[in-house]
Amino acid sequence: MTRVLVLNGPNLGRLGVREPEIYGHATLADLEKAAGEWGAGLNLDVEVRQTDDEATLLSWLHEAVDTGSHVVLNPAAFTHYSYGMRDAAAQVTDVGLTLVEVHLSNPATRESFRHLSVVAGVATGTIAGFGFEGYRLALEAVASRVA
């Protein structure tokens, strides 16, 4: 089975209670369950993680490189300013692994500071604005690239 790390950045542990009008009512536990089911159907071994700590998220991207794991990444607020995140994400794609950037909302329709993604330029692709379905689409993209 192909391993995929589904990595989530700051405040995504608050899914279901933080701004549900933007992010929905489903929780991180709901995402873990759904992603596992979607992955199993695509012959992917999916592990969902979340942290509010930038250093931890960077170490997980390094782990992906070292273990040959593809990545679905929702960098959350780190999307807009973390060049460390950008550089770690670039390492994933530089070794030929797939990295799909995912956002629950569409940053381009929100506040202007959210319009810039420093990760997009090194990601294999970006999916935004489809809520949890974006993760399913990202896993399908990974599966299609490794088939």
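Reader: Which side chain does the side chain of Glu 101 make a polar contact with?

Author: A polar contact is a pair of N or O atoms within 3.5 Å; within protein, one must be able to donate a hydrogen and the other to accept it, and sequence-adjacent residues count only if both atoms are side-chain atoms. Here the partner of Glu 101 is the side chain of Thr 126, at 2.9 Å. Bear in mind that this is a predicted model, where local features need pLDDT of at least 70, side-chain atom pairs count only at pLDDT 80 or more, and totals for chains, interfaces and linings use all residues. Residues are numbered from 1 along each chain as its sequence is written, and side-chain values use heavy atoms, with hydrogens and water left out.

Reader: Is Glu 101 buried or exposed?

Author: Buried means under 20% relative accessible area, exposed over 50%, and partly exposed in between (1.4 Å probe, protein chains only). Glu 101 is buried.

Reader: How many aromatic pairs does the structure hold?

Author: In general, a pair of aromatic rings is described by the distance of the centres and the angle of the planes. Rings of Phe, Tyr and Trp (its six-membered ring) pair if their centres lie within 6.5 Å; planes under 30 degrees apart are stacked, over 60 edge-to-face, and the rest tilted. This structure has two such pairs. Phe 78 and Tyr 81 sit 6.2 Å centre to centre with 75° between the planes, an edge-to-face pair. Phe 132 and Tyr 135 have centres 6.2 Å apart and planes at 80°, so they are edge-to-face.

Reader: Which residues of these pairs are buried?

Author: Phe 78 is buried at 6% relative accessibility, and Phe 132 and Tyr 135 are buried. Tyr 81 is partly exposed at 47%.

How values were computed. Lys, Arg positive; Asp, Glu negative; His and termini not counted. Salt bridge = Lys/Arg side-chain N within 4 Å of Asp/Glu carboxyl O.
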